[in-house]
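Hi,

Here is the structure I promised to pass on. Have a look at it first, and then read my notes below.

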Amino acid sequence: MSRSLIGMTAAALTVALTAGGAATAAPPGGQAPVRARVFVTTVDRAELLQERDPVRFLPGRSAHPTIVVDPRQTYQSMDGFGASLTDSSASLLHGLDPAVRAKVMRQLFDPATGIGVGFLRQPIGSSDFTAAAAHYTYDDMPPGRTDFALRHFSVARDQAAVLPVLREARRLNPQLKIMATPWSPPAWMKTTDSLIGGRLKDDPAVYDAYARYLVKFVHAYAAAGVPVDYLSLQNEPQNRVPSGYPGTDLPVRQQLKVIAVLGPLLRAASPRTKILAFDHNWATHPNDVASTPPGEDPETDYPYDVLADPAARWVAGTAYHCYYGDPAAQSALHDAHPDKGIWLTECSGSHGADDPPAKFFRDTLVWHARTLTVGATRNHAKSVVNWNLALDPSGGPHLGGCDTCTGLVTVAPDGTVTTNAEYYTIGHLSKFVRPGAVRIASTSFGTTGWNGQITDVAFRNPDGSTALVVHNENDDPRTFAVAVGAQLFEYTLPGGALATFTWPASPSLRDPMRQVPLPGATAVAQPTGENPAAAVDGDASTRWSSGTAQAPGQYLQLDLGAQTVFRRVAIDSGGNLGDHARGWRVSASTDGVTWRELAAGDGAGQLTLVEVPPTRARHLRIEATATAGNWWSVADVRLYR
């Protein structure tokens, strides 16, 4: 008798199956089926956060790639998702007819009727996206003059549009978090006496003045009704040659000097405000390396260097941008400094100069979905923050910088407002993942570099409900299953679509078993095929493949690294439909020499769960016992007890 189960009791195998393989019988024990709500956005705009009919969790099994959601494995807590209310965005929104502005603000910030934007990154002074005729800070002085006492400091300019819009956003979403970032210190603090380019003067009095300048900003905004939760010291500190907009080359040593002064001042003045380091790309851009002054280190490990310094005691974590590198950089930094948080704080949608709107909607949706909505959050980001909240149809107003950027919404000269792809890639998170939610484990088959598979990320909200965000990277429809505990549902997403599934906490979705960590596991295979180590790397987007047609005697053999107790073996063949073993045998050994068979059976789909008697072993062997033209692939082997 086959002992291949989909995480359920043997009795549950008697349920009737649909043509796709999912169960149709009611859950055992007379419990009402748990229903998942479904919200979908498609690349052709036919559905925009459209709620579809709910789906039911039922006992059963599926032949399709299966996303296994495991609420018992937890990762980072979430702060929120949003964009930047730049001077440009604020001027556009504030300039709308009051009734239109109220509607758009609800659409953006209201968690019930809108998407509940919950994180805003605010420029301290001018950025490239300003409606002003000239760049500015909050303490500008005539050339040759200084203001170390900061007597001329004032945020009065922001009272016209920025602060009123911020206060309205906080009224609509009281849990809104604010991050503040300067593009440049006042010019009198810099080596160039200019907001564009240059460095801070290497003078203790300047470091002290700059730290006090930042604290005064935090105080002024709090007094205006906008308390600041996070503060970084410099936008893109390695961008030494900004194109016509404020910027500062702030090497590690200068960032550390400012932090050392700012940390104690900020803790005394505003304990809620946490310092974030870096605020630049996942990897140092080649242009930034090339612009390094002669004889200086390009500091390609900038965030590591900051966090390794004693001044890092004042730092809550690291902020990243999306414009170069890969979100896997976030996980590498997390592994090196697990006590520090990670925030994704800027990524702009953009388009080619001649691209039609339909193209850049599609291109932005699919890239942001896999790279930010899923990719950044699966790599420990506590936030996902786009660049501008609102821009006009020409990508402005701006003063220098990007002229093909797009915002969450576009505000036309006639006062009409339209939503862009970023509204939905953020909305599929912000509307359903509440502040304080925790990311939980879920198997994902897609990659940020695009491999045409289903990719996903899951969260548990403070009320116990779950939000699962799924993106179909392929251009064609893809069917998958979602399994929680002993129950699952199947779903088909159109090509390129983004979806959020939400369901309440329920005893019927609990699994009594927990996954067993296998940090030291290694694998070998016969035939060696492709990358046996991928079967034990905890990443379902990588896989071992036999590289040849299935035949009896092929095997994948694991050394678990230590004697391990388990009661279930999960053999996940990943996202390539049909690559599962048509017949299998699982054996265990304590010494790698003498083996005992635990179970054998016929393969029926991409995920095979094998229930076994309580077993203690160091070695596990999974053998193929049947012939098939398909290759045999194993993306993950997981053990449970």
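At what angle do helix H1 and helix H3 pack, and how far apart are their axes? Before I answer, please keep in mind that this is a predicted model.

The angle is about 75 degrees, and the axes of H1 (residues 87–94) and H3 (residues 162–172) are 9 Å apart. Angles from 65 to 115 degrees count as roughly perpendicular, so that is the word for H1 and H3. On the H1 side, the contact is made by Asp-87, Ala-90, Leu-93 and His-94, while H3 brings in Val-162, Pro-164 and Val-165. Sorted by class, that contact has five nonpolar residues, one polar and one charged.

Leu-93 turns up again in the largest nonpolar core, which has 104 residues. Together with Phe-109, Phe-217 and Tyr-221, Leu-93 touches the most other members. Helix H4 (residues 204–223) supplies the largest share of this core, with 11 residues. Another core lies apart from it and has 30 residues, including Trp-632 and Val-634.

If you want to click around Phe-217, look for Ile-124, Tyr-138, Phe-153, Val-155, Ala-180 and Val-228: Phe-217 is in contact with them, leaving aside neighbours within four places in sequence.

Is Thr-466 buried or exposed? Its relative accessibility is 6%, so Thr-466 counts as buried. Beyond its neighbours within four places in sequence, Thr-466 is in contact with Ile-440, Phe-459, Phe-501, Thr-502 and Trp-503.

Happy browsing!

How values were computed. Residues numbered from 1 in each chain as written. Predicted model: local features only at pLDDT ≥ 70, side-chain atom pairs only at ≥ 80, totals over all residues. Heavy atoms only, no water. Buried < 20%, exposed > 50% of the residue type's maximum accessible area, 1.4 Å probe, protein only. Contact = heavy atoms within 4.5 Å. Core = buried A, V, L, I, M, F, W, Y, C linked by side-chain atoms within 4.5 Å. Helix = DSSP H or I, 4+ residues; strand = E, 2+ residues; numbered from the N terminus. Axes fitted to C-alpha atoms, helices over the stretch in contact; angles between N-to-C directions. Parallel < 35°, antiparallel > 145°, perpendicular 65-115°, else oblique. Nonpolar A, V, L, I, M, F, W, Y, C, P; charged D, E, K, R; others polar.
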